[in-house]
Amino acid sequence: MTSSNPVLSAVCDDSNVNHTRELAAFLARLSYADLPDAVLARTEDLFLDWLGSALASQGAHPIPLFERYAAKMGPTSGPATILVSGQRSSAYFAALVNAASSHLVEQDDLHNSSVLHPATVVFPAVLAAAQDLGKSGQALLLAAVAGYEAGIRIGEFLGRSHYRIFHTTATVGTLAAAVAVGKLMEFDQEAFINLLGSAGTQAAGLWAFLRDAADSKQLHTAKAAADGLLAAYLTADGLTGARDILEGEQGMAAGMSSDARPACLSDRLGSRWALLETSFKFHASCRHTHPAADALLLLMQREGLTHQHIARVVTRVHQGAIDVLGRVSVPQTVHQAKFSMGTVLGLLAVHGKAGLTEFDELALTDSAVAALRDKVSMELDAEVDSAYPQRWLGRVEVQTTDGRVLRAAIDSPKGDPDNTLSREALEDKFRRLLAYAGALNADQANVLIQRVWGLRQAPSLNNLMD
């Protein structure tokens, strides 16, 4: 297998092959020696970023509900760590809670063209299973890469129509988590086919929760990681699954997509490392807000504007942004505010930041933010929409109080692969996330950072959080 530079779009050429079998064969033969150093380093970066997101949710609603459920239904001790509490449990319940916690503060990663948040489903499952099975850091890294590579391609396969109704991180995330644990268990091609069948038949998660400011988003990732792990453990014990769960007449594409592209499942396996295309989040909000957010910041800095100068903001967006963000007009909760384009731009225009503290303290209470929020609109833009989901373009038009019309554009939001965060920036983000929650002190955070950078040499993950 050969490495390649990150690519920002998938080339899914149709051909007369069984793409599910091709994907399963690749997953079975993938070895640690196949992974380029850039892929390993990026996986470590993504793991640290995920760990910070999980720990930042300590004590925040609704995570204690998941903790109490795990304590009631699961063992009170076990091999796997629940990150927000430090308690031990079974791999299943640790994966459940850790996946819920890492998708709350809206700081977890995103892959553009699949519109998938891989870390929040892959790492909870694979860390819990690695602790349960006594696997090494190298085994965890290999398994995580397998989960990312499969999950991203399955997300691309299901297409834009799937994401309009289904939360891809919930549906596809179940399969990505399952693949990661299956790789940790050294599945062969046949086992991976069965695994995909058992994971795919459980895949669920609908966007309807956004209308009601409901807590379902955390349930989505909790179930995806735990159900993926469940599918892997049962497959290892002999459970069979549907052999054509992805491409079949009664499979996921048939029921959940109108624009599925089967060839995406086997797109450049072993030469295109899709994990390298994953973006980090800078603002603590839905990723659909980030392109417009960065464009507005650019315009305000370039023109020397303050929020008092702004009479109107038009964000020119892709349809996916309208489908997700258009459900929220006046947010009722902090989490819902992160899905309000106007609130995100209001925080940035008034306070210069849209971080965790700004959302907690200002998003719902600051009258200046609310005033700016009501001046923001979204309009579908043909150029932006045609580039999506491979590229997430930012285009804004600002009308000033003195009658000027100003425009700004960005092609790569901060955190994208060609505008990425350095390790220094990721370490800083990690420390800020932990400080926000009071999860660990500065010295403990530094120790944990070094443990993540040393994953390749770690004989086990059992003492990661000690």
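The model is predicted: local features need pLDDT of at least 70, side-chain atom pairs count only at pLDDT 80 or more, and totals for chains, interfaces and linings use all residues. Residues are numbered from 1 along each chain as its sequence is written, and side-chain values use heavy atoms, with hydrogens and water left out.

Let me begin with helix 19. Helices here are DSSP runs of H or I with at least four residues, numbered from the N terminus. Helix 19 covers residues 423-437, which is 15 residues, and reaches 21 Å from its first C-alpha to its last, close to the 21 Å expected. The expected span is 1.5 Å times one less than the number of residues.

Which residues of helix 19 are buried? They are L426, E427, K429, F430, L433 and L434, where buried means under 20% relative accessible area and exposed over 50%, with a 1.4 Å probe and protein chains only. An α-helix has 3.6 residues a turn, so residues three or four places apart point the same way. On the other side of helix 19, E424 and A435 are exposed. After helix 19 comes G438, with a positive phi near 65 degrees.

I turn now to helix 7. Of its 17 residues, 17 are buried. Helix 7 is followed by E186, whose phi is positive, near 60 degrees.

Methods: Helices (H or I, at least four residues) and strands (E, at least two) are DSSP runs, numbered from the N terminus.
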